[in-house]
Amino acid sequence: MNSDQLRIPVICLWRRLVVPLQGDVTDEMAAVLAEDVLNAIRDTSASGLVIDLTGMWTMDSHLCHVMAGLAAAARLMGTPTVLCGMSAPIAVTLETMGAAFPQAQTALTLEDALERLGVAAMIDDEAPMTLEA
Amino acid sequence: MMEIARPVALRIASESDIARARSAGREISQALGASAVSLQKVVTIASELARNMILYAGGGDMSMEPRAGDRPAVRIVARDRGPGIPFIADVFAGRYTSRTGLGLGLLGSKRLADRFEVETGSAGTCIVAEVTWISEMTTRQRRCHE
């Protein structure tokens, strides 16, 4: 596989980076991801990083270690990290193993994570939403 | 109708085989009707043991055997011809964790498993880990009898 196929999207929202992880992240993908995210932090001057685990079906100690290292490096660069969306079975498993994320905060949902990083949403249900071209 | 769980044998020779071990663990657990947490335990142990074989033993062989019945289980056997695990007593006592996380992978697997046996020496290592649970079918039948 070439490195483009291993690439996980890094989305910039209001100067916060959101990284949505999906399915199973291999060791190779995790290594590419950590480097991509740190470069993106520098390039966008992001003031926060969110790693969204909602779509993950598994996570082992190695991936935890890579994510913890990513959060620690982001912190050295001056950017806080929030992990969100961890499923109950993954949380139970990691807790039983004794894995920890000392350098990252955690939040239940992506919305909570962005709020934690200072993003405030304003929703106007009255605003007209046009579907016509 | 639940699919039939079959034993699997995997050659663990490269990093991509670690992901294959996880997928195999998921399939066998699903076929046995494991809960989400039991499935996660099987998958994580398979991943940790496969990675250790890649990192420290130049690869190895992994098998997964299903056991059906009232107390279904998945038995994972990881066998390699590596140099053996040093400081194993320290690893299990939580006194040793390498930078790459060997300690946590092995100790974590032991904590996740309901049965965990290690035989290690200069000729290689054999680890047997078993995750077991109470069949939901049995729990339901019991409730009906109450």
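## Basis of the values

The model is predicted, with local features needing pLDDT of at least 70 and side-chain atom pairs counting only at pLDDT 80 or more, while totals for chains, interfaces and linings use all residues. Residues are numbered from 1 along each chain as its sequence is written, chains are lettered from A and ligands numbered from 1 in the order in which they are written, and side-chain values use heavy atoms, with hydrogens and water left out.

## Fold of chain B

Chain B has five helices and five strands; helices (H or I, at least four residues) and strands (E, at least two) are DSSP runs, numbered from the N terminus. The order of these elements from the N terminus is β-α-α-β-β-α-α-β-β-α. Of the 146 residues in chain B, 49% are buried, where buried means under 20% relative accessible area, exposed over 50%, and partly exposed in between (1.4 Å probe, protein chains only).

A contact is a pair with heavy atoms within 4.5 Å. Among contacts in chain B between residues at least 6 apart in sequence, those joining residues at least 24 apart make up 63%.

## Interface of chains A and B

Of the area that chain B buries against chain A, 29% comes from Arg22(B), Gln40(B) and Arg51(B), more than from any other three residues.

Eight residue pairs are in polar contact across the interface, both residues being at pLDDT 80 or more. A polar contact is a pair of N or O atoms within 3.5 Å; within protein, one must be able to donate a hydrogen and the other to accept it, and residues adjacent in sequence count only if both atoms are side-chain atoms.

## Salt bridges

A salt bridge is a side-chain nitrogen of Lys or Arg within 4 Å of a carboxyl oxygen of Asp or Glu. Asp27(A) pairs with Arg51(B), with the closest N and O atoms 2.4 Å apart. This pair runs from helix 1 (residues 27-44) of chain A to helix 2 of chain B. Asp27(A) is buried at 10% relative accessibility, and Arg51(B) is buried at 4%. Asp24(A) and Arg22(B) form a salt bridge at 2.9 Å, N to O. A network of salt bridges links Asp24(A), Asp27(A), Asp60(A), Arg22(B) and Arg51(B).

Within chain B, Arg20(B) and Asp17(B) form a salt bridge at 2.7 Å, N to O. Both lie in helix 1 of chain B, three residues apart, about one turn of the helix. Arg20(B) is partly exposed at 42%, whereas Asp17(B) is buried at 8%.

Thr93(A) lies in helix 3 (residues 88-97) of chain A and is buried, with 1% relative accessibility. Its side chain reaches the backbone oxygen of Pro89(A) at 2.7 Å. Not counting residues up to four places away in sequence, Thr93(A) touches Val37(B), Gln40(B), Lys41(B), Thr44(B) and Leu112(B).

## Aromatic pair

The count over all chains is one aromatic pair. Rings of Phe, Tyr and Trp (its six-membered ring) pair if their centres lie within 6.5 Å; planes under 30 degrees apart count as stacked, over 60 as edge-to-face and the rest as tilted. Phe92(B) and Phe116(B) are edge-to-face, 6.0 Å centre to centre with 85° between the planes. Phe92(B) is in helix 3 (residues 88-92) and Phe116(B) in strand 4 (residues 115-121) of chain B, 24 residues apart. Phe92(B) is partly exposed at 25%, and Phe116(B) is buried at 15%.

## Positive phi values

Most residues other than glycine have a negative phi. Trp14(A) has a positive phi near 45°; Trp14(A) sits in the loop between strand 1 (11-13) and strand 2 (16-23) of chain A and is exposed at 59%. Phe87(B), with a positive phi near 50°, lies in the loop between strand 3 (73-80) and helix 3 of chain B.

Notes: Buried area is the accessible area (1.4 Å probe) that two parts lose on being put together, summed over both.
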